[in-house]
Amino acid sequence: MACTLNRDDPLGGLPPKHCLNGGYKPVFTNRLQLEEALSFCKTTLENNLKENVNLVRVSAPLFVTRASGFNDNLNGVERPATFEPRDFPGTHLEVPFSLAKWKRWALHYYGVEAGKGIVTDFRGLRCDDDVDFTHSLYVDQFDWEKHINAADRNIDYLKTTVKAIYKALYDTEQAVCKKYGIDAYLPEELTFATSDDMIKEHPTATPKERENILCEKHKAVFFIGIGGMKPDGQLRHDGRAPDYDDWITERPDGGHGLNGDLLVWNPILKQSFEISSMGIRVNPEVLLKQLDLCGVNERKEFVWHKMLLDGTLPQTIGGGIGQSRTCQYLLRACHIGEVQHGWYNPKEVELLKKDGIQLLGLGEFDADPSAKSS
């Protein structure tokens with residue numbers, strides 16, 4: 001999802017103005033009932049994903065070694081949360097941003113055959129992420145990965161998988177809305193669009209504006225082609241690391257990239273809203289090209305990259321589906337802190353409290369209640 005946070009505004013992380021000053025009423029005011037609804041949303045979505053995409057739930061690590069190269073590099077500039085075990089100084093462990101690389105190794109580790117995949121209940125930290133009404137330092141997502149054949153590395157296979165993911169989301173919304181008396185909003189059919197075409201049609205629009213144009217019109221869109229540069233040297237739409245999604249392979253339509261974002265129109269926030277990022281993963285040839293384009297050829301010496309280049313790791317498609325982000329959408333919350341325990345700008349928290357918008361747990365405090373008085 002294209003960033004909209006204005007870092008020059010000290011209150012830039014607040015929900016849109018129309019949600020403030022009494023313009024928004026939460027679906028749940030009882031916190032325990034809210035927690036029950038969150039559990040229902042997540043359980044229902046996970047079960048639908050497993051059935052639709054042929055996935056098996058597996059456990060996942062909370063940290064990986066830096067030297068392994070298993071951590072996801074996101075846009076390639078974010079700092080990971082790191083620590084050294086007390087008795088092993090010099091050993092650097094990192095809390096993953098996501099399991100994009102680990103999942104591919106896990107398919108090899110568990111011996112998963114082509115046509116089948118895995119899904120994890122991933123929890124991580126993103127120290128450099130935006131902290132606003134849709135982003136948090138804490139990330140929880142259904143990280144999934146599926147073993148495919150080399151012949152499946154094409155746009156048709158991507159679209160077929162995306163439709164299965166969207167059907168899981170659509171069916172989950174139907175179940176949630178029926179159970180809690182919420183109006184359903186998602187269309188039954190998903191619209192596909194490409195970043196290349198949208199740039200041609202709206203050359204002066206920002207990435208977020210292009211997303212808004214698409215989602216307001218179609219309500220649910222898979223936006224194909226994330227990562228890489230335009231001819232002018234600017235990002236085509238948004239950044240992607242060079243070693244998980246394939247964002248350079250040419251498609252039959254003349255565009256590039258076998259990946260994309262699943263976006264919906266959020267009726268509460270009145271803007272586009274990212275639910276998931278996914279794509280067909282790099283093969284050895286594409287990995288080498290994308291590492292070179294990004295000037296990070298030294299990654300070829302990492303354990304994970306060597307395993308991919310020597311053919312140990314399988315060809316895959318995969319992605320992440322934000323759990324809290326999806327719950328925020330399904331339960332019509334205007335701030336992600338309403339459905340997730342996190343930390344947010346204390347000044348914004350105070351304003352939200354005055355407006356009757358309750359954040360979960362310690363996120364509701366405008367100061368750290370455990371901090372010592374100065």
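# A walk through the sheet and its helices

Leaving aside neighbours within four places in sequence, Lys-270 is in contact with His-18 and Trp-265. This residue sits in the loop between strand 9 and strand 10, and it makes a handy starting point for a tour of what is a predicted model. For a sense of scale, pick out Asn-149 as well: its C-alpha atom is separated by 40 Å from that of Lys-270, and the two residues are 121 residues apart along the chain.

Eight strands form an open sheet in the order 1-5-6-11-10-9-8-7, and their pairing is mixed. At the edges you will find strand 1 (55–57) and strand 7 (191–194), each of which pairs on one side only. From one strand to the next, the twist averages 30 degrees. As a reminder, strands of a sheet pair through backbone hydrogen bonds, either parallel or antiparallel.

With strand 7, strand 8 pairs in the parallel sense over four bridges, and here Thr-194 stands opposite Ile-224 of strand 8. With strand 9 (residues 259–266), strand 8 pairs in the antiparallel sense over five bridges.

How many residues of strand 8 are buried? Five of the five residues in strand 8 (residues 220–224) are buried, so the strand counts as mostly covered. In a regular strand the side chains alternate between the two faces of the sheet. In strand 8 both faces are covered: Ala-220, Phe-222 and Ile-224 are buried on one side, and Val-221 and Phe-223 are buried on the other.

Lys-219 is found between helix 5 (207–218) and strand 8. Its phi is near 75 degrees, a positive value in a residue other than glycine. That deserves a second glance, because most residues other than glycine have a negative phi. Is Lys-219 buried, exposed or partly exposed? Lys-219 counts as partly exposed, because its relative accessibility is 25%, whereas buried would require a value under 20%.

Next come the helices. Helix 1 (residues 31–53) lies across strand 1, strand 5 (117–125), strand 6 (138–147) and strand 11, and runs at about 15 degrees to strand 6. Helix 1 also meets helix 8 (residues 323–330): their axes come within 10 Å and cross at roughly 115 degrees. The two helices are therefore roughly perpendicular to each other. Helix 1 passes helix 8 in a right-handed crossing. From helix 1 the contact uses Leu-38, Cys-41, Lys-42 and Leu-45, and from helix 8 it uses Gln-323, Thr-326, Cys-327 and Leu-330. Sorted by class, these are five nonpolar, two polar and one charged residues.

Helix 8 has another partner in helix 3 (residues 155–180). Their axes come within 11 Å and cross at roughly 50 degrees, which means that helix 3 is oblique to helix 8. Helix 3 passes helix 8 in a right-handed crossing. Leu-169, Thr-172, Glu-173 and Val-176 of helix 3 make the contact with Thr-326, Tyr-329 and Leu-330 of helix 8. By class, this contact has four nonpolar, two polar and one charged residues.

Ser-324 lies in helix 8, and counts as buried because its relative accessible area is 1%. What does Ser-324 touch, not counting residues up to four places away in sequence? Its contacts are Asp-140, Ile-336, Val-339 and Gln-340. Arg-332 is placed in the loop between helix 8 and helix 9 (346–354). Like Lys-219, which has a positive phi, Arg-332 has a positive phi, near 55 degrees, in a residue other than glycine. Arg-332 is buried, because its relative accessible area is 8%, whereas Lys-219 is partly exposed.

Conventions
Residues are numbered from 1 along each chain as its sequence is written. This is a predicted model: local features need pLDDT of at least 70, side-chain atom pairs count only at pLDDT 80 or more; totals for chains, interfaces and linings use all residues. Side-chain values use heavy atoms; hydrogens and water are left out. Two strands pair if DSSP finds at least two bridges between them. Axes are lines fitted to C-alpha atoms, for helices over the stretch in contact, and angles run from 0 to 180 degrees between N-to-C directions. Contact means heavy atoms within 4.5 Å. Angles under 35 degrees count as roughly parallel, over 145 as roughly antiparallel, 65 to 115 as roughly perpendicular and the rest as oblique. A crossing is left-handed if the near helix is turned anticlockwise from the far one by less than a right angle, and right-handed if clockwise. Ala, Val, Leu, Ile, Met, Phe, Trp, Tyr, Cys and Pro count as nonpolar, Asp, Glu, Lys and Arg as charged, and the others, Gly among them, as polar. Buried means under 20% relative accessible area, exposed over 50%, partly exposed in between (1.4 Å probe, protein chains only).
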